[in-house]
Amino acid sequence: MTLYEQTLKPLLFSLDAETAHEWGTRALALANSFPPARFLVQALYADNTPEMKTTVAGLRFPNPVGLAAGFDKDCRLAGILPALGFGFIELGTITLDAQPGNPRPRIFRVPETEALINRLGFNNAGAEAARNHLRSLRSRPVPIGINIGLNKDAPQREAPERYAKTFMHLYTHGDYFVVNVSSPNTEGLRRLQEKHKLERILLALQEKNGDRKPIFVKLAPDLPVDALEELLPMLEENAAGVICANTTNSPERKADMLEEAQRLRGRPVHPPFQGGGVSGRPVEDPSTAMIREVYRLTGGRLPIIGVGGIFDAAGAYRKIRAGASLVQLYTGFIYRGPSLPSSIVRGLAALLKSHDLSSISEAVGLSHGPQLDPNRTPS
Ligand SMILES: Cc1cc2nc3c(=O)[nH]c(=O)nc-3n(C[C@H](O)[C@H](O)[C@H](O)COP(=O)(O)O)c2cc1C
């Protein structure tokens, strides 16, 4: 058990999940504004494994373990998050206009299954506020991804124009961008995963993408394989890669998870709200399966960022072997604490060594065997 799990976690877990998040982010903001505290965080948690460097979509990453979207929705913490050992950070989701999100409570922990259920609904201060926070950033030691979404009350036909405006507002501040069409908490958003709708959004962004910045698309783990088969050739044309995956809103997966939690708790587990997306341990396998499928369908040509239920190096390595070039985490960070990114990076370095591999890129897609290795020269 880590120091965080013995000390801070019981305190934070005694609070409502969103209040705990606010306390945690306030502490990080405070550390950011006080150089000795920032230095201490860096000394405790920074990653010191130069052999874990990797290049994906033309960007150089000091290590392949990133922070997933949703933790820093307003880009207030970009100055301190790299000090926790992340190799990249994804900020947002940011919508063009500010919006309050759904009423509270809107995040619920299910500790028995190491899961969270959230129905936040893109609560954020909007693109202008995010830009102002990013303008004051003094250094950028790791790549910054900016994840953009659609306002709740925006008509879907305006999606290409609105995504493009949000993109332009933040363009100079992001090293890569993510089109989020997979949050389950904005009604109808997932319909934008339909091929032609998504293509229109991507074309609107690429038209303005003068510096050819990598644009990823974040997908839902609930997409059926035939939808993926239809979508992926278009994404190979118009996007730099995909992120697999967002939270699940599959009623079966949620019911199975709550049943398991009830069995372990010995009494019923009732979230205080309907709906929402499940993250953490219950999405580990669905997300890894999706990574495997995307890698197989694209022959490994489309870079994949793997996210969902990563709690340790072995889980990160499973996603990399399934086809992810980079990984991200959110829920694991809540359950395991600030030492998790650097401990995963160290664990990955040890795994590479034990398999006689000299870089992360050599492990990407290994579980598919040689027939799917895109670097293999035909014999
Ligand atoms: C509280 C919470 C808020 C989230 N907000 C966002 C978001 O704004 N945009 C987004 O693309 N994903 C969001 N996510 C999804 C995560 O980025 C990630 O895809 C998902 O939680 C699976 O990873 P995990 O199991 O490591 O948490 C959120 C997840 C959680 C738990």
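This is a predicted model: local features need pLDDT of at least 70, side-chain atom pairs count only at pLDDT 80 or more; totals for chains, interfaces and linings use all residues.
In helix α11, the buried residues are Ala 313, Gly 315, Ala 316, Tyr 317, Lys 319, Ile 320 and Ala 322.

Let me take α10 in more detail. The axes of α10 and α11 lie 8 Å apart, and the two helices pack at an angle of about 25 degrees. Angles under 35 degrees count as roughly parallel, and α10 and α11 are therefore roughly parallel to each other. On the α10 side, the contact is made by Glu 284, Ser 287, Thr 288, Ile 291, Arg 292 and Tyr 295; on the α11 side, these meet Gly 315, Arg 318, Lys 319 and Ala 322.

I turn now to what follows the helix. Just after α11, Gly 323 adopts a positive phi of about 140 degrees. In the loop between α11 and β13 we then find Ser 325. Is Ser 325 buried or exposed? Its relative accessible area is 15%, and buried means under 20%, so Ser 325 is buried. Setting aside neighbours within four places in sequence, Ser 325 is in contact with Val 56, Pro 64, Pro 303, Ile 304, Ile 360 and Val 364.

Technical notes: Residues are numbered from 1 along each chain as its sequence is written. Side-chain values use heavy atoms; hydrogens and water are left out. Buried means under 20% relative accessible area, exposed over 50%, partly exposed in between (1.4 Å probe, protein chains only). Helices (H or I, at least four residues) and strands (E, at least two) are DSSP runs, numbered from the N terminus. Contact means heavy atoms within 4.5 Å. Axes are lines fitted to C-alpha atoms, for helices over the stretch in contact, and angles run from 0 to 180 degrees between N-to-C directions. Angles under 35 degrees count as roughly parallel, over 145 as roughly antiparallel, 65 to 115 as roughly perpendicular and the rest as oblique.
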